[in-house]
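Here is the model to work through. Keep the sequence and the structure in view as the questions go by.

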Amino acid sequence: MNCSDISFILDDCDISRLEDEPREAAKAHVATCSDCARDWKLHTRLVARKLPALPSELIADCIALAEAGPTVNLGRRKWNRIALTASVVVLVAAAATLTAYRTFGPSTTEAPIAPAVDTDSEQSRTLANKVSPISSQDVLQTEANISSASAAPNASNTFSVRLSTIQDDTLNAVDTLDFAIFRAAVISELRLTPGLILVPAESSTPGQATDFEITLSAPRRNGRLIGRLDVSKSGPNRVVMRIRGAFGQDCDAPSCQGAANLGESMSRTAAMLMMPPAAASRPALLQQLQDSSLAPQQRLEALRDLDQRGLGVRRAGLRTDPSGDSLRDPAVIRAVIDLASVAPSPEQRAEIWRRMRSIKSPALIEPLARAAQMDPDISVRTEAVVTLVADYVRDPRSRVALQVIARVDSHSMLRAIANRGLSGEATWKSYVLSSLEDTTLSDAQRLEAVLFHVRSSDVSNQPLADMLDNDAIKALAQVLPRAASTGTDIYGVPTLLIQLAPIRHPSVTSMLLASVEKHDPRFDRRLVMNMLADRVEEPEVRAALEKIAKVDPDEQSRQIATKALQDDE
């Protein structure tokens with residue numbers, strides 16, 4: 001189980017109802033991955049936390065504000081059919097209660113939400129000042145702090161955030177009340193974040209620079225309010241990270257939260273995305289990593305905290321150090337090599353070599369080569385080989401190790417990965433196709449290389465659709481529906497389905513239709529429905545969607561089918 005699998009579980013599953021085997025696999029991964037552990041902990045805390053009692057004065061004020069009605073009119077938006085790309089977001093989301101993260105870059109077709117101007121209604125401003133007062137003195141102090149931080153950006157862990165709100169006037173009085181409570185909770189929690197300087201949009205001056213911007217909104221979809229908190233990084237390379245969560249008084253789904261509870265949790269997540277890493281803690285972490293008297297797990301936790309790349313890459317650049325400079329210190333390299341030599345758990349050793357990928361230190365080549373050839377665990381050898389191929393394939397010492405592995409390793413996929421580094425993409429493509437079409441292998445063995453390919457950009461960035469020929473597509477469509485029963489990693493199947501989306505082949509279409517008709521739990525139904533919606537022009541798909549729109553017991557499936565048919569008219 002890997003990070004993508006954990007994200008999928010947190011997004012679409014109730015972790016309290018997981019069966020024993022996937023639960024234990026998830027726990028094993030979370031125990032060795034700080035990023036997933038953080039997401040898992042946040043999910044657990046959010047689900048378990050009870051809604052705190054609100055002051056009676058606040059409730060009275062909120063009711064009065066809701067009855068007064070909103071003053072800002074943004075008009076009703078027309079929401080398009082859920083796109084297939086939204087399903088991609090769902091599969092890589094950080095937590096189910098936040099529903100999905102989505103990044104937007106300058107070249108994407110969906111533009112980031114622009115900073116709101118004069119979008120805070122008088123009601124929201126009054127409520128914010130009631131719950132989390134921001135005085136004029138605070139604003140003056142904010143401006144002074146921003147100027148100081150701008151003058152010496154590396155001298156402080158302070159960061160400034162402009163907060164604005166988009167309120168839809170189509171919300172009814174109850175929804176408006178929930179949204180006001182949600183916003184107030186976000187503001188209250190943000191102001192508790194150490195170093196965070198909050199700048200309300202209505203109090204900021206034209207041209208005033210801030211490090212980040214947060215925009216709050218809450219459209220109503222499918223009978224629920226969907227709270228959205230968009231965190232954007234200021235500057236020329238603007239990035240938006242969207243955090244979502246369902247709430248509202250008429251929301252009874254397991255993932256729904258109280259307005260205040262959800263606002264607090266989403267605010268904490270946003271603060272985690274923005275908060276600069278504390279440079280002051282680095283010496284203590286390095287000492288912990290170097291201390292051989294500590295348990296390997298404690299030393300590994302220090303390595304995780306030192307590694308800021310995941311926070312920079314996974315969080316769309318909102319955090320710093322995406323290049324891994326924090327791990328290139330020779331003292332860190334020496335401590336990592338020592339830790340890998342004493343770590344008793346294969347999961348720990350595999351994580352160490354995975355974390356050192358892209359660091360490209362010559363001192364790592366020989367330890368990686370030893371691990372790639374001699375470690376008894378296949379997962380450790382795989383991570384070591386992938387790191388050698390990704391970072392050191394031109395080094396003579398690395399090539400000698402890869403040549404040995406390509407000839408004599410007992411695991412065929414490991415031999416293929418080594419050969420890919422030595423001979424190029426054609427070798428890897430040939431292995432993926434030949435193993436997939438080899439009927440003498442088990443289903444798990446036939447799918448192993450395909451699943452590994454779609455989840456590991458370190459092996460190849462080539463899209464799966466560009467690799468498969470007609471026979472391979474037919475074989476994959478036959479084997480994939482049997483994946484769960486063969487012990488193959490079921491949580492890798494949705495990722496594979498996404499790679500199959502652009503392949504308009506009868507075998508793929510038939511597989512998707514069969515999974516919907518049988519209500520196959522091994523396939524993510526929402527993802528499959530969106531894939532079928534994009535194939536509505538095919539007669540057999542259209543017939544299936546017409547039937548689903550009328551009689552399918554799943555409301556969301558009926559909605560997707562109905563919208564697809566309407567758009568095709």
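**Loops, cores and packed helices**

Student: The place of His519 is in the loop between which helices?
Tutor: His519 is placed in a loop between two helices; helices (H or I, at least four residues) and strands (E, at least two) are DSSP runs, numbered from the N terminus. The model is predicted: local features need pLDDT of at least 70, side-chain atom pairs count only at pLDDT 80 or more, and totals for chains, interfaces and linings use all residues. Residues are numbered from 1 along each chain as its sequence is written, and side-chain values use heavy atoms, without hydrogens and water. The loop of His519 runs between helix 23 (506–517) and helix 24 (525–533).

Student: What is the phi of His519?
Tutor: Most residues other than glycine have a negative phi. His519 is not a glycine, yet its phi is positive, at about 50°.

Student: What is the relative accessible area of Lys360?
Tutor: Lys360 also has a positive phi, about 55°, without being a glycine. It sits in the loop between helix 14 and helix 15 (365–374). Buried means under 20% relative accessible area, exposed over 50%, partly exposed in between (1.4 Å probe, protein chains only). Lys360 counts as exposed because its value is 52%.

Student: Is His519 buried, partly exposed or exposed?
Tutor: The relative accessible area of His519 is 40%. His519 is therefore partly exposed.

Student: Which helices are among what covers the buried residues of helix 19?
Tutor: Trp428, Tyr431, Val432, Leu433, Ser435 and Leu436 are buried in helix 19. Contact means heavy atoms within 4.5 Å. The cover includes helix 18 (412–423), helix 20 (443–455) and helix 21 (470–479).

Student: How many residues are in the largest nonpolar core?
Tutor: A nonpolar core is a set of buried Ala, Val, Leu, Ile, Met, Phe, Trp, Tyr and Cys residues joined through side-chain atoms within 4.5 Å. In the largest one, Trp428, Leu468, Leu476, Leu480, Leu497 and Leu500 touch the most other members. That largest core has 90 residues.

Student: Which residues does Leu497 touch, not counting those up to four places away in sequence?
Tutor: Leu497 is one of the members of the largest core that touch the most others. Its contacts, with that exclusion, are Leu480, Met511, Leu512, Phe523, Leu527, Val528 and Met531.

Student: At what angle do helix 14 and helix 16 pack?
Tutor: Axes are lines fitted to C-alpha atoms, for helices over the stretch in contact, and angles run from 0 to 180 degrees between N-to-C directions. Angles under 35 degrees count as roughly parallel, over 145 as roughly antiparallel, 65 to 115 as roughly perpendicular and the rest as oblique. Helix 14 and helix 16 are therefore roughly parallel. Their axes lie 8 Å apart, at an angle of about 5°.

Student: How far apart in space are Arg183 and Leu262, C-alpha to C-alpha?
Tutor: Arg183 lies in helix 8 (residues 173–190). It counts as buried because its relative accessibility is 2%. Arg183 and Leu262 are 79 residues apart in sequence, and in space 9.9 Å.
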